[in-house]
Amino acid sequence: MTLSPSGVILYNATMVPLHILTLVFSSLEQPAILVLEPDEPPAQGMSRIVPVWIGPQEAMQIGIAIEGLKPPRPLTHDLFLNALTNLDARVDHVVIHDVANTTFFAKLVLRSHGRLIELDARPTDALSLAVREGAPYYIERDVLDRASFPFLFKEAKNKELEIKEFHSFVKDLNPEDLL
């Protein structure tokens with residue numbers, strides 16, 4: 001990662017931007033799955049996903065962040081962000097930089113007074129903070145290659161063709177067909 005003269009991050013080519021595709025949460029007794037998707041053009045109707053198995057408490061924290069909920073009293077992540085704000089710092093970005101088996105490793109990067117500070121962090125904590133702050137999150141390309149799975153998606157139908165097919169269906173419909 002490098003910085004421009006004005007202090008803007010110029011992430012390197014090995015860092016791929018991510019977004020949260022979905023969070024699969026069933027109960028407080030079961031692990032959840034945070035599904036991340038790289039922001040890269042899909043190839044031939046296929047994208048990649050990175051499933052991250054997380055605990056139910058971590059899932060709740062990320063779910064609260066995704067939904068933008070504001071509890072009446074600050075939760076731990078809110079407290080941390082309040083402390084950062086009062087120290088004139090903010091979450092700059094998150095990088096998932098390694099994976100070993102099913103354990104991911106991340107860096108939480110803070111910006112304070114024009115300098116970047118990297119902290120070792122659990123990806124769930126780092127992502128929960130980044131989502132709350134609207135900060136970007138990335139994955140190293142080699143980690144993406146090692147930890148991702150293909151994700152096939154159905155092509156969106158051509159709306160004009162769909163409407164034409166519907167009109168054709170209605171035009172040829174007889175009242176007896178409805179009995």
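Guide: Glu40, Arg48, Arg141 and Asp145 are tied together in a network of salt bridges. Keep in mind that this is a predicted model. The general idea is simple: side chains of opposite charge can pair when their charged atoms come close.

Let's follow Arg48, one of the network's members. Arg48 stands opposite Pro150 in β10. Strand β5 (residues 46-54) and strand β10 (residues 149-152) are joined by 4 bridges and run antiparallel. Strand β5 also pairs with β4: 5 bridges join these two, again antiparallel. Across that pairing, Leu36 faces Val50 in β5.

Now hop over to Pro38, which sits in β4 (residues 32-38). Pro38 and Arg48 are 10 residues apart in sequence, and their C-alpha atoms are 6.9 Å apart in space. Setting aside neighbours within four places in sequence, Pro38 touches Val16, Pro17, Leu18, His19, Arg48 and Leu144.

By the rule used here, the count comes to 10 salt bridges. One of them joins Arg146 to Asp142, with the closest N and O atoms 3.4 Å apart. Both belong to helix α4 (residues 141-147), and because they are 4 residues apart there, about one helical turn separates them. Arg146 is partly exposed at 48% relative accessibility, and Asp142 is partly exposed too, at 42%.

Another salt bridge reaches across the chain: Arg132 pairs with Asp78, their closest N and O atoms 3.1 Å apart. That pair links distant parts of the chain, with Arg132 in helix α3 (residues 123-133) and Asp78 in helix α2 (residues 76-86), 54 residues apart. Why does Arg132 count as buried? Its relative accessibility is 16%, and buried means under 20%. Asp78 is buried as well, with a relative accessible area of 16%.

Asp92 and Arg90 meet in a salt bridge, 3.8 Å from N to O. Asp92 is buried at 6% relative accessibility, whereas Arg90 is partly exposed at 40%.

For a contrast with all that charge, look at Phe25, Leu28 and Met60: they form a nonpolar patch on the surface, with about 270 Å² of accessible area together. Met60 lies in helix α1 (residues 56-67) and is partly exposed, at 35% relative accessible area.

Conventions:
Residues are numbered from 1 along each chain as its sequence is written. This is a predicted model: local features need pLDDT of at least 70, side-chain atom pairs count only at pLDDT 80 or more; totals for chains, interfaces and linings use all residues. Side-chain values use heavy atoms; hydrogens and water are left out. Contact means heavy atoms within 4.5 Å. Two strands pair if DSSP finds at least two bridges between them. Patches are made of residues with over 30% relative accessible area and no salt bridge: like charges are joined within 9 Å, nonpolar side chains (Val, Leu, Ile, Met, Phe, Trp, Tyr) within 5 Å. Accessible areas come from the Shrake-Rupley method with a 1.4 Å probe; for residues, only the protein chains shown count as cover. A salt bridge is a side-chain nitrogen of Lys or Arg within 4 Å of a carboxyl oxygen of Asp or Glu. Buried means under 20% relative accessible area, exposed over 50%, partly exposed in between (1.4 Å probe, protein chains only).
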